[in-house]
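Q: I'd like to learn how to read strands and helices in a model like this one. Can we go through it together?

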Amino acid sequence: MQRFIVLRILQGLLAVFVISLIVFALSRVAGDPLAAILDDEAGKEQIERLRQSWGLDKPLHVQYFTYMRRLLTGDLGVSFRWDRPVLELIAERLPATVQLSSFALVITGIIAFPIGVLSAVRKDSWFDAGGKMFAILGQSAPTFAVGLILMWLFAVQLGWLPTSGRGGFKHMLLPGFALGYYNVAAIMRLTRSSMLDVLDTEYVKLARIKGIPEWKIVWKHCFRNALIGPLTYFSLIFAVLITGSVVIETVFAWPGLGLMVIEAINSKDHIVVQAVVMLFALLYVGINIATDITYAYVDPRIRYG
Amino acid sequence: MTAVQTATDTILEVNNLKTYIFTRAATVKAVDGISFDLKKGETLGIVGESGCGKTMTALSLLRLVPRPAGRIVEGEIVLNGEDILQKSEDEMRDVRGRQISMILQDPQTSLNPVFTIGNQLREALGIAHKENKSSMLGRAVDALRKVNVAAPERRLDDYPHQMSGGMKQRVVGAIAMSCEPGIIIADEPTTALDVTIQLQYLRLLKEIQAETGLAIIFITHDFGVVARMCDRVAVMYAGRIIEQGDVRDIFSRPAHPYTQALINSVPKLEERVDRLYSIEGQPPLLSNLPEGCRFAPRCPYVSDRCLETYPTSIQIAEEHHADCWALHPDWEGSPIAEYVAPTGTTG
């Protein structure tokens with residue numbers, strides 16, 4: 001098991017290295033960063049001076065090493081838009097995004113897994129049909145539309161919940177549900193179909209022959225086996241939720257990374273955008289490793305395979 | 001086994017059991033009116049080719065026919081004097097494992113891959129015994145030792161994928177026997193094992209039976225295994241039992257043309273043949289059964305009567321019955337060539 005974890009982490013580091021190359025290359029291909037900062041009236045000498053002070057006159061591989069060295073020491077540069085170190089900005093905004101995404105993930109799980117399992121157990125019943133309808137509705141409606149409708153109903157009309165901003169638990173409910181609802185359909189359908197497969201296996205038959213109560217067959221013998229497929233998807237969703245929060249954070253004025261990136265893009269603050277892209281990439285890799293390890297825990301065959 | 005058996009020794013009696021599977025296209029009559037009984041400590045073999053209803057019979061006895069398509073539509077399954085078809089689902093759970101248990105065909109798939117075998121064994125033991133953790137552990141070790149698993153203490157923490165097929169099938173056996181049931185249904189338990197392991201496993205079942213007085217229903221398509229294991233045999237064809245009787249009786253004078261053909265199709269070591277014997281044709285579809293005898297289309301002795309009505313059962317010897325018109329005294333067609341009538345019963 002330890003060997004497995006070390007191997008996965010090494011593979012992850014390799015992926016991060018490749019990603020850093022791509023991010024670096026993209027930032028050079030995207031055009032001269034100086035053109036975005038300096039206005040047209042800047043003199044040649046002024047441009048040259050800035051180029052030198054940023055090291056942009058050096059060969060590309062030297063630039064890459066400088067970039068990597070800074071990245072590794074946590075120096076992500078300074079934002080033009082906010083005139084503050086990017087690391088500080090991210091540290092300030094990240095918790096809000098992680099909080100919202102985690103909450104959305106929990107909501108997805110709470111809704112999707114039980115509906116998926118029960119839909120399989122009561123296949124072709126009204127419950128199965130209703131669950132399918134509910135899930136497909138979430139998949140078909142765009143996240144921002146769900147967000148706006150929820151906001152209109154629960155905040156504007158009923159006045160039960162705040163319309164926007166970050167605060168207590170109540171503030172999380174609407175954006176969290178709007179963000180999480182979209183993924184319910186996929187997880188629920190995956191859980192349902194893998195649950196149906198598992199219910200049909202010989203070891204479930206043997207469990208029934210043993211005389212084990214049906215609830216225990218469903219939640220002990222089947223659930224863990226049925227989980228293996230959807231679980232991979234479920235954890236990858238966390239990464240999707242973090243990056244996908246861009247839209248919902250804008251709708252609900254949630255002060256997270258998503259909102260910050262939108263502002264940075266609008267004001268052509270490439271340093272911030274580049275840093276956030278790198279961060280998102282790291283998150284993806286990290287979550288993938290975490291998924292593999294969880295996966296190995298759930299299914300013992302993977303540890304030795 | 002034929003000698004002294006009284007009615008009280010019977011622990012299971014199946015009367016006219018019918019299990020149908022209802023699909024959109026047709027009704028599949030997987031089990032269509034079978035009757036047999038099982039006595040304490042004996043082994044009854046159910047033999048027949050694939051798809052003749054053997055496994056469906058076994059699942060019916062546990063009331064685990066695949067739902068919602070499959071249903072037991074008629075009959076009685078009397079276990080220790082009680083018809084289990086009248087029991088509720090909750091009461092059935094007490095029957096499963098504790099009174100009737102089953103060993104499934106493929107050990108590779110019949111253990112749950114995500115739990116250790118210790119966990120699965122303790123769970124089965126826990127149904128009959130509610131004790132503390134350490135005494136359950138002792139019971140699990142004992143159960144594994146009983147099925148000849150070496151170093152059982154260490155094996156408990158293994159996952160199924162870490163064990164060989166033969167070892168897994170022993171574990172399945174230990175699980176099946178964990179609540180000391182009176183009856184075990186073994187559904188082709190050795191088909192998935194290689195030949196040497198097969199023999200070991202069969203010997204083990206016999207030993208356990210001798211120790212515990214357990215009754216075994218042994219489902220197989222292998223007459224060699226029947227000869228080794230069983231006291232009595234029921235031969236199934238297309239959802240019906242067409243002949244049943246004492247194992248020596250069936251082997252020495254098979255009465256039904258199908259049984260004869262089955263026994264003939266077992267290749268013999270001492271004879272050199274260019275082409276192995278096989279029965280012409282295909283068994284009928286269980287969704288579209290012929291009116292009369294189900295074997296009639298493939299039977300060399302067939303007459304009009306066979307095609308019209310299903311033959312009534314005729315007694316050949318004590319405990320030996322067959323469903324075939326050609327065995328009836330008023331049969332007018334050609335007599336069954338290979339059939340040796342027992343002296344004194346028929347002319």
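This is a predicted model: local features need pLDDT of at least 70, side-chain atom pairs count only at pLDDT 80 or more; totals for chains, interfaces and linings use all residues.

Q: How many bridges join strand β3 of chain B to β8(B), and do they run parallel or antiparallel?
A: Strands pair if DSSP finds at least two bridges between them. Here β3 (residues 43–47) and β8(B) run parallel, joined by five bridges, and Leu44(B) sits opposite Ile217(B).

Q: Where is the bridge partner of Ile185(B) in β8(B)?
A: Ile217(B) is that partner. Strand β7 (residues 183–187) of chain B also runs parallel to β8(B), with five bridges.

Q: Are the faces of β8(B) buried or exposed?
A: In a regular strand the side chains alternate between the two faces of the sheet. Ala215(B), Ile217(B) and Ile219(B) on one side are buried, as are Ile216(B), Phe218(B) and Thr220(B) on the other. Buried means 20 or more other C-beta atoms, placed from the backbone, within 10 Å of the residue's own. Six of six residues in β8 (residues 215–220) are buried, so the strand is largely enclosed by the rest of the structure.

Q: At what angle do α3(B) and helix α4 of chain B pack?
A: Two packed helices are described by the angle between their axes and the distance between the axes. These two pack at about 105°, axes 9 Å apart, and are therefore roughly perpendicular (65 to 115 degrees).

Technical notes. Residues are numbered from 1 along each chain as its sequence is written. Chains are lettered from A and ligands numbered from 1 in the order in which they are written. Axes are lines fitted to C-alpha atoms, for helices over the stretch in contact, and angles run from 0 to 180 degrees between N-to-C directions. Helices (H or I, at least four residues) and strands (E, at least two) are DSSP runs, numbered from the N terminus. Angles under 35 degrees count as roughly parallel, over 145 as roughly antiparallel, 65 to 115 as roughly perpendicular and the rest as oblique. A residue is buried if 20 or more other C-beta atoms lie within 10 Å of its own, exposed if 12 or fewer, and partly exposed in between; C-beta atoms are placed from the backbone.
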